[in-house]
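Take the sequence and the 3D view side by side, and follow the chain as the paragraphs below move from part to part.

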Amino acid sequence: MSPSERTAWTSLAVGFSVLAMKGAAWWITGSTAFFAEMLETVVNVAAASAALAAVRYSSMPADDNHPYGHAKAEYFSAVLEGALIVTAATLILREVWSAWQNPSAPDRPLIGLALSAAAAAVNAVWATILRRRGKRYGSPALVADSHYLMADVVTSVGVVIGVGLVTVTGLLWLDPLMAAVTATMILFSGWRLLRESVGGLMDEAAPPDLQSKIRDAVSQHAVGALEAHDLRTRRAGRYTFIDFHLVVPAAMTVEEAHVICDRVEAALREALGQAVISIHVEPEGKAKHSGVVVL
């Protein structure tokens with residue numbers, strides 16, 4: 001079992017634990033805000049299940065039908081999670097409308113507040129760990145899950161404050177109001193997640209800082225070549241795909257050019273981790289005098 005898969009299994013277990021706490025908070029209090037929190041966590045558990053499936057599938061090696069591997073499967077998981085988030089927010093807003101028309105005071109609010117606060121603490125700790133591991137393993141599914149968990153922490157804090165104010169002030173409309181705020185934040189989180197995930201599926205270029213690392217590596221390690229141009233990049237899970245044209249002196253032998261390419265590829269993999277690199281060697285007559293200048 002890969003480290004990413006173990007992390008996904010742990011995330012699913014944490015999700016069920018948090019769901020139990022939030023479900024108990026809603027069952028005990030009958031609060032609309034706690035209902036919103038519980039529904040959000042139901043979505044989180046479903047998304048964690050999808051992330052686990054995606055991580056397992058994406059770790060499969062390349063084959064004849066998928067020569068570039070299966071890493072993009074994780075983006076499908078992230079898109080699904082974004083769609084589930086939007087669905088949860090819609091259901092919450094429906095419940096908010098009903099509670100707004102017929103507000104009621106939560107039962108035994110202190111127990112609900114304690115359970116919700118404990119769930120938020122668990123999510124905060126795990127979201128931090130999950131984000132670090134997701135970046136370390138190059139897993140979009142795990143990183144997406146960590147973003148959603150952290151958003152869940154923020155909304156939990158808001159709900160605790162809102163229900164606490166209802167208990168202290170007796171203003172019953174604060175309960176559905178906090179649920180509405182929770183739904184709005186969930187919608188924003190879902191939109192951002194969908195945007196990032198669709199970008200991965202559409203082969204968006206690597207981030208500017210990553211492209212800068214690529215240019216620096218080529219510039220410093222392609223000694224003997226003249227320039228590199230037409231650099232293209234994309235990301236797929238933990239892999240960075242890179243291709244560019246490398247211009248060499250016309251009299252250079254194929255073997256000498258191959259040595260340069262090997263050196264550049266080694267430098268890129270050291271700088272980026274897992275990378276799939278394609279270099280097209282051209283004679284100096286093809287130089288465009290633009291792109292990456294070799295030092």
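**A walk through the chain**

Strand β2, residues 239-248, is mostly covered, with 7 of its 10 residues buried. Buried means under 20% relative accessible area, exposed means over 50%, and partly exposed lies in between, with a 1.4 Å probe and protein chains only. Helices (H or I, at least four residues) and strands (E, at least two) are DSSP runs, numbered from the N terminus.

This is a predicted model, in which local features need pLDDT of at least 70 and side-chain atom pairs count only at pLDDT 80 or more, while totals for chains, interfaces and linings use all residues. Residues are numbered from 1 along each chain as its sequence is written, and side-chain values use heavy atoms, with hydrogens and water left out.

Which strands pair with β2? Strand β1 (residues 227-236) pairs with β2 in the antiparallel sense over 8 bridges, and strand β3 (residues 275-283) pairs with β2 in the parallel sense over 9 bridges. Two strands pair if DSSP finds at least two bridges between them.

The chain passes from β2 to β3 by way of a helix. Together, β2, helix α8 (residues 254-272) and β3 make a right-handed β-α-β unit. A crossover is right-handed if, with the strands pointing away from the viewer, the path from the first strand over the helix to the second runs clockwise. Residue L272 lies in α8. With a relative accessible area of 16%, L272 is buried. Neighbours within four places in sequence aside, L272 is in contact with L210, K213, I214, T240 and I242. Contact means heavy atoms within 4.5 Å. Of these residues, K213 is 59 residues from L272 in sequence, yet the two are 8.0 Å apart in space, C-alpha to C-alpha.

Now go back to the start of the chain. Helix α1 covers residues 3-29, and its 27 residues reach 39 Å from the first C-alpha to the last, close to the 39 Å expected at 1.5 Å a residue. The expected span of a helix is 1.5 Å times one less than its number of residues. Just after α1, G30 takes a positive phi of about 70 degrees.

Within α1 sits S11, which is buried because its relative accessible area is 4%. Not counting residues up to four places away in sequence, S11 touches A48, W126, L130 and D145.

How many aromatic pairs does a search of the whole structure find? The search finds 1. The pair is edge-to-face because the rings of W26 and W27 have their planes at 75 degrees, with centres 6.4 Å apart. Rings of Phe, Tyr and Trp (its six-membered ring) pair if their centres lie within 6.5 Å; planes under 30 degrees apart count as stacked, over 60 as edge-to-face and the rest as tilted. W26 is partly exposed, at a relative accessible area of 28%, whereas W27 counts as exposed, at 71%.

Helix α4 is next. It runs over residues 109-137, and its 29 residues reach 41 Å between the first and last C-alpha, close to the 42 Å expected at 1.5 Å a residue. The buried residues in α4 include G112, S116, A119, N123, W126, A127 and L130. An α-helix has 3.6 residues a turn, so residues three or four places apart point the same way. N123 is buried, with a relative accessible area of 1%. Leaving out residues up to four places away in sequence, N123 touches V18, K22, L149, D152 and V153. After α4 comes G138, whose phi is positive, near 65 degrees.

Last, consider the whole chain. The secondary structure comes to 8 helices and 4 strands, in the order α-α-α-α-α-α-α-β-β-α-β-β along the sequence. Of the 295 residues, 47% count as buried. Among contacts with a separation of 6 or more, 75% are between residues 24 or more positions apart.
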